[in-house]
Amino acid sequence: MPRRNDIESILIIGSGPIVIGQACEFDYSGAQACKVLKAEGYRVILVNSNPATIMTDPELVDRTYVEPITPEFVEKIIAAERPDALLATIGGQTGLNTAVALAKDGVLDRYNVELIGCDIQAIERGEDRKLFNECMESIGLETARCGYAYAVADAERLVKELGFPVVLRPSFTLGGAGGGIAYTEDELREIVRQGLELSPAGEVLVEESVLGWKEIEMEVMRDCAGNTITVCSIENFDAMGVHTGDSITVAPAQTLSAAEYARVRDASHAIVAAVGVAAGGSNIQLAIHPDNGRMIIIEMNPRVSRSSALASKATGFPIAKVSAKLAVGYTFDEIPNDITKIATAAFEPTIDYCVVKAPRFAFEKFKGTDTTLTTRMKAVGEVMSIGRSFEEAFGKALRSLEDGRAGLGADGKDAFDEERFAELVGLPTQDRVLYMAEALRRGWSVAEVSQASSVDPWFVSRMADMVAVERGIAALELGDIDSDTLFAAKGFGLSDSQIAHLTKTDEASVRAHRAALGVVPTVKTVDTCAAAFATDTEYKYKCYERGRSEVVPKTRKRALILGAGPNRIGQGIEFDYCCVHASYALHDIGYETIMVNCNPETVSTDYDTSDKLYFEPLTFEDVMDVIDVEQPDGVVVTLGGQTPLKLARALEAAGVNIMGTKPESIDLAEDRDRFSAILDELGITYPQADMASSFEEARRVADMLGFPLLVRPSYVLGGRGMAIVYDSAQLEKYMAEATRISPDHPVYLDRFLEGAIEVDVDALCDGERVYVGGVLEHIEMAGIHSGDSACCMPPFSLSEAIVSQLRTTTRRLALRLGVVGLINIQFAIKDSVIYVIEANPRASRTVPFVSKATCIPLAKCGARIMAGEKIADMDLPDDERRLGYYCVKEAVMPFGRFPGTDVVLGPEMRSTGEVMGIAKNFPAAYAKTQLAISYKLPEAGKVFLSVCDRDKRHIVAIARDIIRMGFTLLATAGTARTLEAAGIPVEEVKKVNETDSTIVDEIMSGEVSLMINTPLGNLALDDGYYLRSLAVRHGISHVTTLAGAQALIAGMEAAIEEGGLGVKALQDLPGLRGS
Amino acid sequence: MSEQSKALLGTTSAPQGAPALLVLADGTVFEGYSCAAPGEVFGEISFDTSMIGYEEVIADAANAGKIVCMTYPQIGNYGVNRGDLAAGKALIGGMVVRALCQTPSNWRSEVGLAELLCEQGIVAVEGVDTRMLTQHIRDCGTQLAVLSTLDGDPASLGAKLRERQGGSAACGASAQAGAPAARRAPAPAQTRKKAD
């Protein structure tokens, strides 16, 4: 069937902020869908609260709403835009849930909006376990034996039939949130109780355990004529019991026989038909008993998913793009295959390489939380790698993770817990593969390791071969290793860095030896057809293969852009956004752009974002290999965050031309002594600071600077290991820990400017002129990591004089450092004195937000400057113009995923994503960000106040506002006394551990709708910690800073006063250029 | 292959076999290592793009006597269940793979693929850049080829091929491994599954 002409406009719902379980894969799929539908001539309207997305670039669609993804806001957008259709299957669970809510509320009927791609019945059959299980039974497929619990007692009854362990899955939650495996009655009660609270339907599925079974995923697609294709099969390395998002996964499936695969495939096709996916992609998860082949259907998602993004990258088949076309009526045979040009989407892709995905975790940021991997996803990002064997791809994946490791161990960084060694070979944790490899080294058999870990013997055999090769190499001297041997070792996935460790040499020597022997990688192509058709696709990977390298000769200037690697806290989608923009900009001015990245979730690794894509780890070895092959004229290292920046020096030393700001300038800003010297020279104030390598040294520094001190290890991103210490005892404890984190680098100690206002400035500099992109005032005071702090643009409380001074300082500093491209400077303002905290001569996390707020594509401008263009020639509007509206960016915290960790904000960044609110004043914009994160603002009930002494004086005004809005107050003794003294009615509550304390009950019963709890300094495991954790678990709004509380209360008032908040498209903001 | 690398691979699950040669009628030579029965086999060279299903490929009557190149690089991962062989035995003439797995894993597996091929006297070679070979077949068309673990001389194998063909040379007789092959009409892939 051809394109539907009965619809003209389509609303697309994005997935909102990056959270665990829903990351930038939905920007990748959403951006594809937007592009396709726009190209098809539809009027496309988009809603997404996440400003760091490519899909929200105003030129991509007709109407872009950076607004909260809630039924209320989407209804307002529908009312304003009157779309004919709604495509909800590419915005993850958020998009789907919102669409379901809109349909159920009758909004879609009222405005005559048709849901395309998937109807409500199909969504419900896919998502509702009960309906799904019935549906599976009707087509003769088995699901795990199970029952539903609506109360803890139901679960206890069910377990009597099923036996322990049981798998618990709350209905309708993201990424399996709230789920788990219970082995005991206590665990059962705990998980079910949490799950009931988290599930919007108050329902938890109690299921027979399929722990240890093979986990297989199928990515299938169906068109409106009922044709179904399989895009990709994926086998999980980790057996059932570990969430697929936390598992290492491999495509295609490795250990299914043709007969088994046929069963799996037939079942998958039957499932999409039975569930009733109208047209689009679906993900199906199955468990297969390793000893008898019994097949159980685990779940299906009637939408594009994290796995479909992975499958798209793994095969080159663009699932989201094809989904969007299918949704508007096309059938497979009408959609050409972009890559082969000859075939259509009806041909199932086939691959001639092995793909491995590995998850990236960030447990070090969440002290106190359980690091065992379960059915509840905890990974914050992932990497993908491609090789001509599992071994090669596996080695690459492990060195892509940016966790300091160079592969499957054998890099001199192994540190095993000897007491628990045997247990940790079996227990799924982020380090299990390293324990498995070590067990093989220590003489465990493949069978023993497989038995302990439930990992299929096939994978363990491959690891055993990798370990054998590693041992063989270790027995040789580097200089004696011949070409054949080195080639073989590389083919088994060993990195240069591992070979250096094994032969007790260094990486440079290994590289030199490799070059001398001619052991260099071959470049192969991802073409969806295993070379069956000739293609000119430029989606590449490296491998060690003695055959033909598929590289085309250079015809024009080449720019290589280094991506940001796996998402992790402190380095996320913001940097990918900058890399993508740079690629677009450099392509537009005549460069052939080459992207190198290993993150399958991103837009940068879409094969048509850049002229050429290399799916490779961002290590020196892999990047240099690509550079050797492609001979780029310049390499961009300043847009992908710390990952490529770290390589700048080494690349330059290898003779590579670094585009824009030179490594020398980067060093000038990053080296504290050199940077301080420059600030002194320019007469710019900065907090007094010094460094120390031992507690004794640190104490001497403290004596000189005085407490409190901001302490941190050198060379880290995202405030890793950063803390504020208030006394000598805390300092001693910190120094003891810091030397463990990074023994090679000293610790920095800065005088901490307590109560200072922090400001971020993002600017462009071409060596002659500086253009200030944005001045962002932080809402939380100094001491909260800038990535976790909300910020507002333009500043809401700074005087014109201060802002003007900030601009001047930015100009002088950028020019002095020799920045050519982007720079970000962090300031702190205390008692009207401006201090420079740090300068980063690279793209910052706030660049996408500033670009959205001002409609100036800063990253694109930055890239053009790096290519030699001048600011004066860019026709940018005056950077001192007034915006006429306020934009607020707020961080999204993943605390709900990490029970047991403290939720107080501090100098160590822990947020995973961000949302943006745009409104005509600051409080309204702030309110929108809160709605975008938690979907509702507190409206009535009790507000619990407990603030530290420092904040007592300031809480009075806030409390008055709260009372005025009709809330009642609860407070702990000290805070209550302050309020009573000010004549504010308040009910005093006893602390948690006092007898007759009722506060826990009031929180659990939902009477408390907001908690304001500000701890001071040392975060002991106190009452506050317990109550804050309780608030997180029960989804109660909570604020841990006074500034945050002020903003929230003002926002709540704004939301009430105006009778609701309006919506505004980016295209309607004054000053939008280029459209 | 050097003695050193042989020693290295000797400690893995897949030690290096004896040298083997694949020579196409157009003169292209691919070097590899024997991974099944020793011998010398002549047959039409073709490729198969299925990622799973080598047991179907080897027993497919359409492949009888052919030398089949598998495009998926690791073959034999799940072993073979004899009941899955449509013809009850392997019908192909020879097999070309990038790597043949010696440690299969699947509950239904009765015998490893290498073992099965040996048992049925089928010659197979591994260590070949199967993607490059596939591209060559795609561009130059299917043609007669010889796979040998007995004769290490490409010229001698080439002569035997010519003898079989009665002196007629196929496309691009001068093409060498690694050289860009002349582009011809693409041969359709044999096993690509259409939407059902």
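This is a predicted model: local features need pLDDT of at least 70, side-chain atom pairs count only at pLDDT 80 or more; totals for chains, interfaces and linings use all residues.
Helices here are DSSP runs of H or I with at least four residues, numbered from the N terminus.

**View 1. Thr134(B), a buried residue in helix H4 of chain B.** Helix H4 covers residues 130-140 of chain B, and Thr134(B) has its place there. Its relative accessible area is 0%, so Thr134(B) counts as buried. Take a look at what surrounds this threonine: leaving aside neighbours within four places in sequence, Thr134(B) is in contact with Ala530(A) and Ala531(A) from chain A, and with Phe47(B), Cys69(B) and Thr71(B) from chain B.

**View 2. Ile1049(A) and its contacts in chain A.** This isoleucine is found in helix H35, residues 1042-1057 of chain A. Ile1049(A) is buried because its relative accessible area, 2%, falls under 20%. Once residues up to four places away in sequence are set aside, the ones that Ile1049(A) touches are Ile958(A), Asp961(A), Ile962(A), Met965(A) and Leu1010(A).

View 3. Asp673(A) sits in helix H24, which spans residues 672-682 of chain A. The relative accessibility of Asp673(A) is 53%, and since exposed means over 50%, this aspartate counts as exposed.

Terms used. Residues are numbered from 1 along each chain as its sequence is written. Chains are lettered from A and ligands numbered from 1 in the order in which they are written. Side-chain values use heavy atoms; hydrogens and water are left out. Helices (H or I, at least four residues) and strands (E, at least two) are DSSP runs, numbered from the N terminus. Buried means under 20% relative accessible area, exposed over 50%, partly exposed in between (1.4 Å probe, protein chains only). Contact means heavy atoms within 4.5 Å.
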